[in-house]
Amino acid sequence: MRIQVRRTGGFAGIERQAEVDTSGRADASEWHALAERALAAGRTTPPAGVPDGFSYTITVDGRTVHCADPELTEEQRALIRRVLKEGA
Amino acid sequence: MVAVSDRLVTECNGSGMTTNGGHRPVFCTIVPPHVLDRLSQAGDPLVHGPARRTLRRDAYERTQRRLTTVVGAPALTTRAAAAEPGTPQRTVYDAGHGTDLPGEKARGEGEEPGQDATVNRAYAGLGATFELFLKEFGRDSIDGSGLPLDATVHYDQDYNNAFWNGEQMVFGDGDGEIFLDFTVAVDVIGHELAHGVTQYTANLDYFGQSGALNESVSDVFGALIKQYTLGQTAEEADWLIGAGLLAPRVTGVALRSMKEPGTAYDDDVLGKDPQPATMDDYVRTGRDNGGVHINSGIPNHAFYLAATTLGGHAWERAGQIWYDVLTGGELDQDAQFTDFATLTLKAARARYGEGAELNAVTKAWERVGVRTL
C-alpha cells in the first residue's frame, strides 16, 4: 500500500509532501487500518478550510481524499503526522 | 459512525452571516439536543467538534434570550461579559498540545502574567492589536463592537502553524527544527487578528486574488502592529513577516518580506521564498487556495512602497487609507487586485485630497504593475 500526504497552505504557505510504502514493513497492517479510517472520513472535494489553516490531500493506492485543519479526525491527524515524519 | 460524521459535516459545515454582520461557520441547530449531547462525547473530532460548538452557541443564545426577557438587554449584543467600551477583553487558553479548542483557560483580562511566556506573549499581542485598532482607527475590537479576543496556544504537537478559525486565534509551538513558537512574532498575532477584522468587514473570499488581498491585509496590519509596538517609522521598520520564527538551522530571516518579496528565505529544506513583488511574476496555481500566501507579495509590496514614499509612521496615512478601503463597504468579497487598488486611490482622495498621499498610492500600484481604474 502506498500512502501519500500533501500539505498545502498554512501561515507560511510552504508545501510539504511525503510517501510511505507499507510493503514489507512489520507494521503494515497497522498502517492499513489507519489509512482506511482516514480515507473513510475524508471528502472527495477540498473543504473550504480557515484562513492560514493547512489543507491536506491523502492518497492511498490511487484513492484521494481531502481534509483541512482544524476539522480533522484523530485518524487523519495521526496518519498525516506519521507520513510527514516517517515518509520520504 | 462514518455515515453520521459525513452527513454532519456536509450539512453543517457551511458558512453564513452572523447577526452582527460578521462571517463565521454555521453549524446545525436542527439536530435534537440529546443527539448533540451524544455526538459531543464522541472520540472523533469531526463528529464532536460541530456538536460541541452548536451546544456552546445554543447555550449562549438561550442566555441572551433570557437576558432580553428579564432585563431588556439588546438581543444582538456581542459584549457578553460586559467589558467597558474601548477596553479589550482577552482570554488566552492552553490546548496542552492537544487539538480541542479552545482548551483550558490560562489567563483572563486583567490577570497578572503567569510563568508561561507563550501565554504572556499572546496576551500582550492581543493587547497591542486591540490598541492599534482602537487608538489609530477608532475601532473597538475586531468586530467594532468590543468582541472578546480569544487565543489558544500550545496547539497540537510540533505544530508548525498559526490560524484563525473564524472565532479565535490558534498558535502552535513549532517543531523546533524549522519553526519556533508562533507567538514570538507580534506581527503573526496581529496577522491572525486582522483575519478577524476582514471577516467582519469586507469578508474577502479566501481564494485567488481576493484571497491574496485577504492575506495581504493581514500582513499589512500585522506589520503595522509590530511597528506601532516598537514606535518605528516606515524607514526604520524591517517590513518582515515572521522574523524570529525560523529555527536557527534554517537559512532565512523571516517568512515574507514586504520590502523585497521573494527574499525572506532560501533553504535546503524549506526551498526558496516564492513571493512575487510585481504582476510580471504573478503565480498561477490551484494550490494554497490559488496562491493566497504567494501573490499577496504584490499588494504587500505596493503598501510598502506607498508607506515609505510618504514616510513617518506607516499606520498614520498609508495604514489609514488601507483601513478605509477594508471597512468602507465598497470592497466586494471577490475583489481583484485592480478593484482594491482603485479603491485606495478613491480613499486617499476622499481623506487627503489631491496631494502626496494620492500620488504615493498611485505610484505604488504602478510600480507593482496593478492597473487602477
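Colleague: Let's start with two helices. At roughly what angle do the axes of α10 (residues 337-352) and α11 (residues 356-368) of chain B cross?

Modeller: They cross at roughly 170°, and the axes come within 8 Å. Axes here are lines fitted to C-alpha atoms, for helices over the stretch in contact, and angles run from 0 to 180 degrees between N-to-C directions. That makes α10(B) roughly antiparallel to α11(B) (angles under 35 degrees count as roughly parallel, over 145 as roughly antiparallel, 65 to 115 as roughly perpendicular and the rest as oblique). Before we go on, this is a predicted model: local features need pLDDT of at least 70, side-chain atom pairs count only at pLDDT 80 or more, and totals for chains, interfaces and linings use all residues. Residues are numbered from 1 along each chain as its sequence is written, while chains are lettered from A and ligands numbered from 1 in the order in which they are written.

Colleague: OK. Which residues of α10(B) and α11(B) meet?

Modeller: From α10(B) you have A341(B), T344(B), L345(B), A348(B), R349(B) and Y352(B), and they meet E357(B), L358(B), V361(B), T362(B) and W365(B) of α11(B). Contact means that the C-beta atoms, placed from the backbone, lie within 7 Å. By class, the residues of this contact divide into 7 nonpolar, 2 polar and 2 charged. Ala, Val, Leu, Ile, Met, Phe, Trp, Tyr, Cys and Pro count as nonpolar, Asp, Glu, Lys and Arg as charged, and the others, Gly among them, as polar.

Colleague: And α8(B), how does that one pass α11(B)?

Modeller: In a right-handed crossing. A crossing is right-handed if the near helix is turned clockwise from the far one by less than a right angle, and left-handed if anticlockwise. The axes of α8 (residues 297-310) and α11 in chain B come within 8 Å and cross at roughly 145°. Among the residues in that contact are A302(B) and A306(B) of α8(B) and V361(B) and W365(B) of α11(B).

Colleague: How many helices and strands does chain B have?

Modeller: Chain B has 11 helices and 11 strands. Both are DSSP runs numbered from the N terminus: helices are H or I with at least four residues, strands are E with at least two.

Colleague: What percentage of chain B is buried?

Modeller: Of its 373 residues, 49% count as buried. Buried means 20 or more other C-beta atoms within 10 Å of a residue's own, exposed means 12 or fewer, and partly exposed is in between, with C-beta atoms placed from the backbone.

Colleague: Which residues have the most contacts inside the largest nonpolar core?

Modeller: They are A122(B), F171(B), L224(B), L245(B), A302(B), F303(B) and A306(B), in a core of 98 residues. A nonpolar core is a set of buried Ala, Val, Leu, Ile, Met, Phe, Trp, Tyr and Cys residues joined through C-beta atoms within 7 Å. Helix α6 (residues 208-230) of chain B gives the most to this core, with 9 residues. There's also a second, separate core of 17 residues, which includes A35(A), A38(A), Y56(A) and I58(A).

Colleague: What does A122(B) touch?

Modeller: Leaving out residues up to four places away in sequence, A122(B) touches V92(B), A151(B), V153(B), F171(B), T183(B) and I189(B).

Colleague: New topic: how many residues of chain A are in contact with chain B?

Modeller: 24 residues of chain A are in contact with 30 residues of chain B. In chain A, β1 (2-9) and α2 (74-86) each supply at least two residues of the side that touches chain B. That side of chain A has 12 nonpolar, 6 polar and 6 charged residues.

Colleague: Now the backbone. Where is the peptide bond from D69(A) to P70(A), cis or trans?

Modeller: That bond is cis, with omega near -5°, and P70(A) is in the loop between β4 (63-68) and α2 of chain A. The bond from L101(B) to P102(B) is also cis, with omega near 5°. P102(B) lies in the loop between β3 (90-94) and β4 (104-108) of chain B. Most peptide bonds are trans.

Colleague: Is H154(B) buried or exposed?

Modeller: H154(B) counts as buried, because it has 24 C-beta neighbours inside 10 Å. H154(B) has a positive phi of about 55° although it is not a glycine.

Key. Two residues are in contact if their C-beta atoms, placed from the backbone, lie within 7 Å.
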